[in-house]
Amino acid sequence: MLPQKKILVVDDDPEMRLALSVRLRANNYDVCVAVDGVSAIAEARKHMPNLILLDLGLPAGDGFTVLERLHSMEAVAHIPVIVVSGRNRLANQERVLLAQAKAFLQKPVKNSQLLAAIEKVLGPNTVPNSERAATIYDLGQRETTTV
Amino acid sequence: MPTSPSASFKPWHALASAATGAAATCLLFGFIGAPHTNGLNLLCAVISVPAAAVLLFKLTRTPRSVSHAWVELTQPHPSGKAEALLDKTGRIAGVGGWEVDLITGEVIWSLHTFELHGAPLDFVPTLETGLSFYDEPSRPIIAAAVETACRTGRGWDLELSIIRFDKRRVWVRTVGGVEMKEGKAVGLVGTFQDVTARVAERVALSEANERLTLATDSGRIGIFEWDLVNNVLRCDRWMHRLHGIERTDNRADASANIQYDPLDWRQHLHSEDHERVISAMQDAIAGNTDYDTEFRILWPDGSIRNIRAAGQVTRDAHGKPLRMIGANWDVTEARRLTAELAQQNELLRVTLHSIGDGVITTDAQGNVVWLNSVAERMTGWTSEEALARPIASIFNIVNYVTRRPVENPIMTCIATGVAGKLAPDTILLSRDGARFGIDDSAAPIRGEQGELLGAVLVFHDVTEQRRLFYETTRMAKVELKLKDDFLSRVSHELRSPLTSIYSFTSIIADDLAGNTTSQQQEYLQIVLKNVDQLQSMIEDLLTVTQANEGKLSIDLKPIQLSECVTDALHTIQGPASSKQIALRSNCEKSLPLALADPTRILQILIILLDNAVKFTPEGGLIGVKASQTDGGFLLVQVSDTGRGIPPEKRARVFEHLYQVPGPEHSENAQSDTSRAGRNGLGLGLHIAHDLVVRQGGQIWITGELGNGSTFSFTLPIHRETPSFEPQADLAQTTELPALTTAQVS
């Protein structure tokens, strides 16, 4: 069994942090969290995650600042980032991709969509309960990722 | 009647013997009765011998004189001296004598009588030949006169025409008397005088008079003559009529003038005109001007007539005025019409000045003729200043937006001859720089024959209306913006709680928070389905508001349609299978690439498929087909086996917030348990339409009612560019303007 891949979830909304943590852990990911821009950098340096799920609207430095800081620091510059935000895709997607994020996912993100995006970055994840964890009902998906 | 011819030639002998009693008396009466003044003296001179004789004989009872005359005249053998004298004086006077002895038939002519007849001296006159000289109309007259004379002893005095020997016609005055003896005519004696010139003169005068009368009658012109020397005014018949006076005299010659004292005439004159007319007359007499004036005449019945008068003063060699001759005619009717016209003109002028619109008239060359007060105010030009100036120089109009000059409707109207209207958004720049929003129209002015006389421009100030309109439009835009902002914000804010609901519901449903029962599982799926619907609505709202704000982006790039179709079918698989609806796709192989935005194509396809699932009964079929059209487009068709849409509703289906009404659809919806029986916001097809159009395609609906619908849309085919470009550069982002002004309410 391969070691679990670690994902840092950065979101100021505790419900969002909780929901993502539950979902990711259920899919055999190791999850750590941060609540604002400053702690996001600190947690990234501390845990050296395989991937960061980053919200844009954050206290103490928004998502763009975090992206900039991460890429300016050699130790964490390589960590891929997927932005998960409630902000308008139109207004932010391009800017996010320019800031070297891997993808822009707009909330609410379908579970299948989220996991697909993560796997696209981290590669296939062998999860025992992956069958069960897959989204049962995923109708109405209207957003696609652009990577 | 004596008929015997006489061959003897003894004129004065016979004349003398004939100058007796009744004959002479007749002769005398004849002369006295003649009204002619011309030549009377001469005649008297000519006939002085016999006339004097008779006169003395008849009126004076002086035997001595009588006998003396008698003796002299009745000398049977005159000395030839008297005869020569008579011939001589007769010739001077142009009078010829003649005598007929009715007993012997002898006829004697004086020399001048021969000359009057143009007869040679060897001509032997008889009574018959004498009569035969008269022309046809005159002959019965003279014959009757002779007959009467012989019967009654009364002579004649006639003007008749004779045909001379040389066939020339001459007018003669023929005077004849008869010599009676014991109640019986024994001789005739008389004179001839050539009056051709006088008759001609008289005829000419008469004709001239006739013509003048005709002219004055038909022109109703009165002629006056003011004798300045004797201060007498002579007026003709029409002068009287013009003054309302019926002539009371019974003179046969109605055209004859009546004389007045000029002071009498003045009493007919309107008192207000008195001074002016007298002054005009004095000016004319003084030689300053011709007499030409107008005045009012008071008629006896109290009415007033307008009279026009004109005249000229004639002068003697020293310049002294002799008389003024002129004419009067009635201009009352003309004045009345003029006054009426002026009144109408005034009415029109006041009306045009009173209306709220500006009015400018021009001639056929487009030069200003007149402006009303509103036009004066708006252009800054007075009517007097603007007169004859080109319309463009005073009516300066420009486009509101571009400030470029606008074609002047007057010139267009004159050039084309038809009424024209100004383009909207035109403003008038006045002379002082003021600006007026105006709306106007120009129409040609035509004469009776349809010829173009000019044009009239009517315009009104719409500055305030325009301001209100723009204000309202701006306000509406602001309101719409606020509404869009609000909707965008609401939609966005709804996402967070929705995300939370979705996340935790799916966590429970996935048994990540403990095992769930099958019933719990069923209910959780209902929650998730509603979450999904709610999310769809939010996304639709956001799409529409973005489109309205011009923020909807379309990234055109070469794409494989079949990939989009596969993705879309995959997405719709769940709900379709839950209704046992079969999905089929038929994409032509080697289909060319489309130039489109894959995200938007997927969006369109999902909207159409979602709609098809919604209205297709359980066990139905939905098909997606992609092909190439002859016109160089790709055609995508989504067909279902639903009830179909009535043709009249099809166009409306793509409208904002439109949902096909009708029992069949609501029934459908109610039976559609898998979609919870809700119709959503009605934005889906509107968005699909918008997205198709923005990518250069068209969308439409076909199908028969009750037999399913087919939604078709086209997309442009990607054309390979010769030079290789990186794919990123092929992608084209179009920033498009706002969709429509229709808004989400």
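## Exercises on a predicted model

In this predicted model, Trp265(B) and Phe295(B) are both buried.

**Exercise 1.** Determine how the rings of Trp109(B) and Phe114(B) are arranged, and whether each residue is buried or exposed.

*Solution.* Step 1: the ring centres of Trp109(B) and Phe114(B) lie 5.2 Å apart, and centres within 6.5 Å count as a pair. Step 2: the planes of the two rings stand at 70 degrees, so the pair is edge-to-face. Step 3: the relative accessible area of Trp109(B) is 3% and that of Phe114(B) is 2%. Because buried means under 20% relative accessible area, Trp109(B) is buried, and Phe114(B) is buried as well.

**Exercise 2.** State which kind of aromatic pair Trp265(B) and Phe295(B) form, and where in the chain the two residues lie.

*Solution.* Step 1: the centres are 5.5 Å apart and the planes are at 80 degrees, an edge-to-face pair. Step 2: Trp265(B) belongs to helix H12 (residues 262–266) of chain B, whereas Phe295(B) belongs to strand E9 (residues 291–298) of chain B.

**Exercise 3.** Name the residues that form one aromatic cluster with Trp109(B).

*Solution.* The cluster consists of Trp109(B), Phe114(B), Phe123(B), Phe133(B) and Phe165(B).

**Exercise 4.** Describe the open sheet of five strands in chain B, and the helix that lies across E3, E4 and E5.

*Solution.* Step 1: the strand order is E2-E1-E5-E4-E3 (chain B), with antiparallel pairing. Step 2: strand E2 (107–109) and strand E3 (156–163) of chain B are the edge strands, each pairing on one side only. Step 3: on average, neighbouring strands of this sheet are turned by 25 degrees against each other, direction ignored. Step 4: strand E4 (residues 169–181) and strand E5 (residues 184–194) of chain B are joined by 10 bridges; Thr174(B), for instance, has Phe192(B) in E5(B) as its bridge partner. Step 5: helix H9 (residues 139–152) of chain B lies across E3, E4 and E5 of chain B and runs at about 145 degrees to E3(B).

**Exercise 5.** Which rings have the charged end of Lys110(A) or Arg305(B) over them?

*Solution.* Step 1: Lys110(A) places its charged end over the ring of Tyr502(B), 4.6 Å from the ring centre. Step 2: Arg305(B) lies over the face of Trp299(B), at 5.1 Å from the ring centre.

Technical notes: Residues are numbered from 1 along each chain as its sequence is written. Chains are lettered from A and ligands numbered from 1 in the order in which they are written. This is a predicted model: local features need pLDDT of at least 70, side-chain atom pairs count only at pLDDT 80 or more; totals for chains, interfaces and linings use all residues. Side-chain values use heavy atoms; hydrogens and water are left out. Two strands pair if DSSP finds at least two bridges between them. Helices (H or I, at least four residues) and strands (E, at least two) are DSSP runs, numbered from the N terminus. Axes are lines fitted to C-alpha atoms, for helices over the stretch in contact, and angles run from 0 to 180 degrees between N-to-C directions. Contact means heavy atoms within 4.5 Å. Rings of Phe, Tyr and Trp (its six-membered ring) pair if their centres lie within 6.5 Å; planes under 30 degrees apart count as stacked, over 60 as edge-to-face and the rest as tilted. Buried means under 20% relative accessible area, exposed over 50%, partly exposed in between (1.4 Å probe, protein chains only). A charge sits over a ring if NZ of Lys or CZ of Arg is within 6 Å of the ring centre and within 35 degrees of the ring normal.
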